Each structure stands twice: as structure tokens, then as C-alpha cells.
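Biologist: I'm new to this structure. Could you walk me through how to read its helices and strands?

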Amino acid sequence: MRGFFYISPSTKEKIDIIHPINSYRQKSIMYNHSEIESKWQRYWSEHDTFACTNPELENSHKPKFYALDMFPYPSGAGLHVGHPKGYTATDIIARYKHAKWFHVLHPMGWDAFGLPAENYAIKTGTHPAITTAANIDRFREQLKKFGFAFDWNREIDTTSPEYYKWSQWIFLKLFEAGLAYESDKPINFCPSCKTGLANEEVVDGKCERCGTPVEKKAIRQWILAITKYADRLLSDIDRLDWPEGIKEMQRNWIGKSEGCQFFFKGIDCPDVEVFTTRIDTVFSGAFVVIAPDHPRVQEYIHADHKKECDKYIKKTQEESDIERTKLDKQKTGVFTGSYVTNPFNGEKLPVWIGDFVLWSYGTGAVFGDAHDERDFVFAKKYGIPLKQSIAYEYNFDGVYTPKNGVETLKRKCVDVILENQNGEFFLIEEFNAENNSHARHFVGGGIEEGETEREAILKEIKEESWYVDVEVIAPVEMSYVYSKWYRHTKNKNQETLAQFWHVKLKSEERVSCEIDEWKHNGKWYSKDQVEELINWWNHKLMWQTFLRWPQYAMTDEGVLVNSWEFDGLTSAEARKVLTEKAEKEGFGKKVVNYKLRDWIFSRQRYWGEPIPLIHIEDEDKESLPTTKHDDCWIDGDMLKKWDKTLGKITRGISGWLLPDWDLPLKLPEVEKYEPSGDGESPLATIPSWVHVQLGKNLSGYRETNTMPQWAGSCWYYLRFMDPTNSEAIVDTAVVKYWGEVDSYIGGAEHAVLHLLYARFWHKFLFDIGVVPTDEPFFRLRNVGLILWPDGNKMSKSKGNVINPDDVISEYGSDTLRLYEMSMADFADVAPWNTKAIVGSYRLLDKIYRLFTTDSTTTEYQSWTAKEDLSAIKTMHKTIKKVGEDIENMKFNTAIAAINIMVNEGIPTDAEQAHEWKSVLARLLQPFAPHMAEECWSLLGNEESIYTTEWPEYIPAMTIDDEVQIAIQIGGKLRGTYPFMRGVTAEEVRMTVENKPEIAKWLEGVTVVKEVFIPNKILNIVVK
Ligand SMILES: [Zn+2]
């Protein structure tokens, strides 16, 4: 697995960053970290200290704990300081749980298929297996220097045939279940890596691996039907203890949407089936667009539009889906000449072909209207008339909140944006509203019974402004506003549907008129002033709409207008009712759609797991052997395996597909590793491997695509449970015991790659009875990046990376572990800080001296506590705090607590001092295991500290006797005083009353009551 790991070249700057310890070193003699660390690493290796046997043996009575890191991709460059941060955290948890008497599984292995080794092979001719083995050796050697408590007996490597045999086995199970299928639809293709990519591997239109813009290419592919698991992958996210951000990224990637799928009736063409999440807007449907790659597209094209349409279709074929659906891209299209009927209102709609509609999403066809940005732009571009069917909804609050139990008046209104003759000024009315606020709004009012909109407009202008010579230009597009409020003057609720009109003054002619109920006061203002002065919400909104007109779609949810009997329904209500109508009348149904696409699983590259399938030609199917008595060249064992699956031979694109049960199907040697780029992998160049003789007159040819780099990491956590099992992927009893991963740590960049793919495979394995749980990783935590001291990301190309080897040789791995865990909160990014690493070293150095200095020396005595009881109490508090902090992954505060314990001092009493030291060594063990072992042995212990239990604390000793109680009088803090824990309110009051600085606040007031929060606050309420 890869992501945040880069490695360092040596730089002058780096030397400066690592070496400031010299100034400290010169002042004092320090512990020999390399001697101590190599001694204990040797000891652990010789004693196989971290070996973990499976539960059917002696430890099955213990509870289990599975601590796992995302296993690394062993790159040629080795580890950088970002790697061990996550591994150290897992090691701390694993060691702590082990000390808490859990049976702990804590393994490490290698995710080793992938492009770097293959690209290196292309360059140098070195077999990727050789490069990979060397890289693994280097990584292992580096990791061993950290003293991680890995059970190295469980090491796995995804490129070993013993491992990938089972990756292939899972693929065949998916194939048998119909979840792996062939397709020759165009897919994402990286021209640089010369391979197809999954959607998850395309980031902003570029190859996740190399950054090259991705192209669309039709090559035969193997695809896994992950979408069949979309619903479960989505709903089960809720019960995972994962960072909320990662869960949200998976939810969005899966992208569930509920909508209505229905038919527009073809008038002179086939019906068009569309999918929409906004059926509430269907009454404004203005056109239908089908995807250029819609398989029936030709049936919609009229003869006289054929030339233009074909040209358009050809052009779009050259674009990728990503290009076609880019937000900032010009939406283009072409009219087919066909029309369909809207089943909801019988309106006739033109059928277009448009590149922004994808055949791979929904039904490959949509209807367009005024309530979608993209549709709106498209309609404007091609002159398709639009109308509004969703009005803005505005419910007044405050004094205008609609009241229960009063009559509701319904009114249609017109509001007028009145422009003067030269178009520079607009008329605004001002008046004192019912709540005495100063209202400024446009002219407008209700449409009376029998009145047209135009008549109402002229009437309102005349009544409110006395102007009579005006020209009604047009309604403002998208200006319907639906509002509900309470009218104080009438004691009634009012529901108003208003539309805004653009009107122009033709002359200054005015005729006085005194009939309106308000004292209006109209004034002319410039555009800028209008923007500032208008203070009715809906008028302000419509003013902005007017300014942007006609380039503005109304995409909000609201209330239906122009929608026949459905007018007045809210968008949400309408979606339900209209979908029901479609279902009842048989022209549509409710449908759930996902953004998630099936997983493009094959790669046209060498260094991956071969896909174990054999193709045979159509006509050869009949000659397949069915029993071992047939005249065939297949050995009996293979035939037996085939017997189970011969009935499941699948019709592929070019023939029949036969699972090859002779696993592992090993990667053959090749002469050249270079991919051809035309959809064939380097494996295709080895005829002897490709050709399979299945019988005397029957041959087949192997699949030459390989699996993607994500295959091996989809299930590796299962193999760690039972790494050498040759009969099964994992033993049933063993996997039942270990269950889900209890603590999983890794980078956030795998959110919709590894973490999604692994959940999919795991659920499939659950369905076929291989695993007893349906989620692989119960608790996941992300590790925060370590940055270069200037706050930039470490990167190999910039040369600003720190090699842990350098830090270890300078300070030791215990210091590096301790430092990385104290940098910041574990999940936070933090810059490398040289001064702080010296601090971690000093703590270890001091602890070492505590254990090695004679207690009669003055130096030792300078480290003793003022009071033994206080030191012992601090010790118990530290045991409690460190345990709780490890459980909550607050490693930095746990280390701070150990520091406090050391600084408080060692008890003077010899026996207590011994206990104190024994506790300190055990608390230190998860963080700095080498030092902890050394201290433990200095105390006279012969067994490894790893086998020792976690210290227990006495609860009573963790409670402070003295508490600080705040005294509040009349809501103000007047002082804070120490009391014994458990003091009563009365005792507190009697004590403080006698203090002059408190007493003065109690003079001349009446105490109403006292509120006492034990051990914290006495609040005296006075008047
Ligand atoms: Zn690439």
C-alpha cells in the first residue's frame, strides 16, 4: 500500500536538523542507546519473544486483540520518518493490550505487486521479483531497528505464489458468483502506465499513480460488480468506528440517490426512459437529452438530421466521461428531429443528443428544465424556451409567523420592477410596516378576481405611484416566490404566490389616486442603491435574479407552480406524489441509483496476479472433457476440480471462459516487461504460457490481463491469522477467533480505494461463508503526516525527507518512537522539531540514570520526591492516565504523564522506590521498549518485560484530597479557596464568610439560595 511515504537523499540541511544533540552530549555522559537497543533486538529475535500462537493452543481463554497497520509497499528507497509514526502507535496499543493479558495479533507484511518494480524491470531488465525481494529485506531490516513487537513468523508477501494463490481463488469465487465479468466498454486508460484504471484511481481526471491525464479507451476488461454491494457498503458504514471524514468520503463516493425512472412517450421515435432525482420539476420539462453513446441513439435520429448527429456523436467519442461531465465545460448537443410527450402534462418535447449525459449513469437519458444549472445553460444556448415550475418558498418568522387557528387567504400577486425612461433609476416604495419597521420594496399587489396580470400591474402602478404611461416588458424569469405570513391588520394568514415583472416608464404622466390602504412614498434609486435599500427578502432575491437574468437557473427546492393540480405542494411532497402517480399509471417507478461504478479490475501489465481463466472458442465448447475417462490430457486432479465448475462455463466476449483451478497460476518469466499499450499485457507475448492444451483436439488460451495492485490488500488481514495454511485462505475456527481487526491504522488517502475494495471483498467472503463477520476493520484511525520543519510536506523530489536510519543512529529508536508520539495529537499533522527530539532523549537518559545511579549519591538524592506519599500517589495517577490515554490514542498526553511522574521524584523508602521503578519500566514499555527491557533487567528480572502484566492502580490513590472551590456571589467569581475533598456546602460557606474579601460582598444583600457543586463551586444567589 502506498501513499505518504517518501525517502531522503542526504542533504546538508538534514545534517543540521538531526545533529543538534551534540551540544547536549558534550555536557554529560549519556546512555549508550545503540548498545542497549541492539542487545534487546538480539534477545527478542533469539527468544522469539513476540511469537503469537493461534488460539486452539494454550491461550484460548484470553480475550483477543488484533492490531494492524496498513502494510507497506516496499519501495526501493526504504522507510522515511512518516512510516514509523503509525507503526509505533499500533505497537503501543499491541504491547499495552498484551500487558493487559489479551491474546494479541500484531503482524507485518508486504503489499508488493505494483508499478515501480515493473518500471525498474523495464529500465534495467532486472526481474521485479528480485527487486521486490531486495526491497523487502531492506524494509524488514529497518523495521526491526524500531523494536516493533511484530510476530515475524506471520510475515506475508502478496507476490509470493503461496499468497496470490488465494487472491486468485477469491477471483474465481467472484467469477462463479457472477460478480466478475468481461466488458469491452470504453474505460479510463493511462497512456503513460499503458493500462486501464478503475474510477477510484482517477483523481481530477489524472492517473492516481503518475499524474498523466487519463484517456478513454475501449479495451477488453475484467470488471467486478461492486455495485451489487453498494447498498450494504453504504448502510454498514454507520456502525464502523472510523473517522467521520473517511466515512463521509465513502458515502459520497457510493453516492446513493433516490429518484423516479419513467418514460416519455415517443411521438415518432421509441419511448425515452429517463432517471431524475427531481421529479418535482417535471411540469417544467422542456427537452429530453440522450447520451451520444446510448445504444439506441440512431433510432431517434431523423433522416434530415442524420449527418449533423453522426458528426456530433463521432466527436464525443473522442472525449472521456470526465471531460464530458466537467462542470466548467461548454454543454453541447444536437437536435435529433424527434419529439416525445411528457406523460405528466401531455406537452411535446424535442429530443436532443448531448455529451453531458452519460450512458453509464442512470438510463443514459434525462429531461431538461429550468431548475438545473446545466439544463438551463443548454436551453439558453440552443434557444429552447423554459418555464418555472418551482417557486422560491419563503416563510416569514418573528411577528409575521403564520398563526394556528386563523383563516388563510390565498392570493396571487404581481410585483413590479419599474424602470425610468433612460433605464438608470428604479422605483422603490417606502412605508412604515405593521411592526413599525421601515419597509422598502417594489410596487406590487394582489390580482383581483377576473383581472389579468397586466391589468393588475397597471392598477398597482397607478394606485401606488400615480404613473399611468408604462410599458409592460416581460415577467422576470424564475421569479415566482411563494410565501406565507400572518397579516396583523386582518388577523388572517396569507399565502401569496408572487411573480415579478419588468416594466418601463414611457412618460412622466401621473394621475392622482387615493384608494390604496397604505401611505406610499415612491422614490427613484440607482441600481447600486436599490441593492442596498431593498429590505424585503423576496424583493431583494428577485432584484438579484433580475440583474442576472437571463442566465440564472432556480435550483432550490420550493413549492410547485404551473404544475396543474399539484400546485402548492412542496418539492418533497411532490416527489412522493408524482412518483406514485407514475407507478400507478404504469409509466414509471421509484429507483435508487448510485454514483459508484463497477470496479475495472484488469491491468495490462506484468507485475500482478495472473487472472486464472482460460478462453475457449465457441465451437470447442462441445469437446470439453466432462469426466476423467475422456480422452484428454488434463490430469485427474485438475479434472476433478473442473467437474465442480464445468457447468458454470461462462459465455465471454470472444468465446467461453473456463476457471483454471490449478492454483496458483504462477507468473511466467518474460523477455520483455514493456506493456504494448494496445490492451495486451506482456504475458501475451509468451505463446507457450498463453496456449493451454485441454484435450487431444482441444486447446484454450489463458487470460493475459493481471489483477490491479489493490487485489492483494483486499484480504491480507485474513492471511495474517493463518499465514501458512495450504488448504484454505484461512481456517474457519481461526478466523472465528480473531474476527474483525480491532485497531487499524493507516493513511486517509485510501478512503475510496483500499478501504472500499477490502470491505467489498470481505462482504463477499462473508456471503460465501469464508468469514464470520461482514466488516473487516472495526476501528480505524488515520495517522497525521509528519512535515518538514518549515511546515511543508516531505517529498523525495524536493529533497526534504528525513531518513529514520539517521535519527536512530543519532538518538536511538526509543527516542524516535517517543518523539513521534509526543509531537502532537496522533491524528494531527506536525512539523519535525529538532529541539523537541532532544527533549525525548533527555527523558530516557534521566530514566536510565535513575536505574543505574547509586542511591547514596547526591545526584540520586536530587531526584527523590519531597514526600513519599505524594510520589506514590502520582505513580497511581500515572498508571491510570497512561492506560486511559493509550486506549484513546492520546499518546502525547500519556508521555507527558510519565514525564510528570519522573519529575515528581522517586520515593526515598527503598521498597517503595523499587515498586515505583518497576511501574515506571512497565509504563514505558509500549513507548520505549528497549529502555524498558534494560530497566526491567536492572531491577533483577530475568524474563522479558513483554511477558509482564500491566501495573494496576489503586483508585483511592488517584484521588486528590485537596480541591479548589470557586465562590460565586451574585453571579460573579469572588475567590477560589482550597478545601478537603468532600467538604459540605455549609462548611465552605462558614469558612468563606469569615474572610473579609468575601464578607464585604455579603453585606447589605439578601441571600436567596445557595447552589453547591461538590468539590467545585459554591454559588450564592443574592438580591
Ligand atoms: Zn499512469
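Biologist: Which strands does helix α30 lie across?

Modeller: First, some ground rules: this is a predicted model, where local features need pLDDT of at least 70, side-chain atom pairs count only at pLDDT 80 or more, and totals for chains, interfaces and linings use all residues. Residues are numbered from 1 along each chain as its sequence is written, and side-chain values use heavy atoms, leaving out hydrogens and water. Helices (H or I, at least four residues) and strands (E, at least two) are DSSP runs numbered from the N terminus. Now, α30 (residues 985–993) lies across β37, β38, β39 and β40, and runs at about 115° to β38. Axes are lines fitted to C-alpha atoms, for helices over the stretch in contact, with angles from 0 to 180 degrees between N-to-C directions. Contact means heavy atoms within 4.5 Å.

Biologist: What is the order of the strands in the open sheet?

Modeller: Strands of a sheet pair through backbone hydrogen bonds, either parallel or antiparallel. Two strands pair if DSSP finds at least two bridges between them. Here the order of the four strands is β38-β37-β40-β39, with mixed pairing. β38 (972–980) and β39 (1007–1013) are at the edges with a single partner strand each, so one side of each has no neighbour in the sheet. From one strand to the next, the twist averages 20°.

Biologist: In which sense do β37 and β40 pair?

Modeller: Parallel: β37 (residues 962–969) and β40 (residues 1017–1022) pair over four bridges. Gln968, for instance, has Asn1019 in β40 as its bridge partner.
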